[in-house]
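Welcome! Please take a look at the sequence and the model below, and then we can walk through two places in it together.

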Amino acid sequence: MKLIGFFNRDSGTFRATDMEAYERRAEAIFREAGHDFDAIVFSGKEIVPAMERAARRDDVDGIVAGGGDGTISAAASIAWKNGVALGVVPAGTMNLFARSLRVPLDISQALETLAFGEVDHVDIASANARPFIHQFSAGLHARMVRYRDSYTYRTRFGKMRASLRAACGVILNPPEFEVDFEAGGVRERRRVSAISVSNNPFGQNALLYADSLTSGELGFYTAKPLKPLGVARLAVDLLRGKVRENADVMIMHPAEVHLHFPKLRAKANCVMDGELLPLARDVALKLHPGELKVLVKQGLAAQVDQSKRRESAN
């Protein structure tokens, strides 16, 4: 394959990495695997336009993106729109999409896995035609991200401390709002503190990432209006990977979700793949099954398929 690597030197793990040496190592590994491969190191501001230019080229089969969840989300959107494959090198704080794809979290091992891997097709979702690979959310999560972004941090651990402070702030001041939704043939108006729509249902893990990206379903989660104690209980269940057992949470697995916010505040926000954005009054969320091409470990697609068959049999 003709592949180009784009590495965001401003991402967490890469900040402490000799990027010149890493670039050379990446080129050596991919070329050893038989690919036509060039790697380039960019700043966070430069990397997205560079990936867009490369993905539009007729001679490029895929891009390999190295960075945090924001970089990877942008790369997935570009790959999907241009029909090229995406390889993910996890160099951020959470690396949620990489975890779902079962890419090693070690940046050197990830190169080996991708270079000697295979192309698979996974699901990608969209909100009002804007693609996302992890989740769209409003309410608790959006308020937490807004609080976190108001703090100053420069390192991965600084971001984690800011997130903890923001979480405490949200527990003490949870939001509450109305939403009309249509999903899975159900139409309803609810008063809630949180909404989340994920690209495939979350697995039973504390980081809330999908165990599989090929189920053909969204995860649709709402939490009823919560007081501080209820938010604290929900946070504990999230950390235990037991959100499905929380009585305040409703869960559905539709292919599409339509949301309407009848009393939308002027400065209301949502979060898409970690990015804080203005919340639209009407949001149409849709899953696009198997439309994103990704590089995964050799044999993983067959392994996941066998696992699904066993689950179906059980």
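## The largest cavity

Which elements each supply at least two residues of the lining of the largest cavity? They are the helix α4 (96-101) and the strand β10 (194-199). Of these, α4 gives the largest share of the lining, with 3 residues. Keep in mind as you look around that this is a predicted model.

The structure holds 1 cavity of 30 Å³ or more, and the volume of the largest cavity is about 50 Å³. Its lining includes Leu-96, Phe-97 and Ser-100, along with Ser-198 and Asn-199. Among the other lining residues you will find Ile-133, His-134, Phe-202, Tyr-209 and Leu-213. Sorted by class, the lining has 7 nonpolar residues and 5 polar ones, while no charged residues take part.

## A look at Ser-11

Now turn to Ser-11, which sits in the loop between β1 (2-8) and α1 (19-32). Is Ser-11 buried or exposed? Ser-11 counts as buried because its relative accessibility is 7%, and buried means under 20%.

What surrounds Ser-11 once its neighbours within four places in sequence are left aside? Ser-11 is in contact with Gly-67, Gly-68, Thr-71 and Ala-91. With Gly-68 there is a further detail to spot: a polar atom of the Ser-11 side chain lies 3.2 Å from the backbone nitrogen of Gly-68.

Notes. Residues numbered from 1 in each chain as written. Predicted model: local features only at pLDDT ≥ 70, side-chain atom pairs only at ≥ 80, totals over all residues. Heavy atoms only, no water. 1 Å grid on protein atoms, 1.4 Å probe; cavity = no way out; pocket = protein on both sides within 12 Å on 5 of 7 lines; lining within 4 Å. Points joined across faces, edges and corners; volume = space filled by probe spheres on them. Helix = DSSP H or I, 4+ residues; strand = E, 2+ residues; numbered from the N terminus. Nonpolar A, V, L, I, M, F, W, Y, C, P; charged D, E, K, R; others polar. Buried < 20%, exposed > 50% of the residue type's maximum accessible area, 1.4 Å probe, protein only. Contact = heavy atoms within 4.5 Å. Polar contact = N/O pair within 3.5 Å; in protein donor to acceptor, adjacent residues only side chain to side chain.
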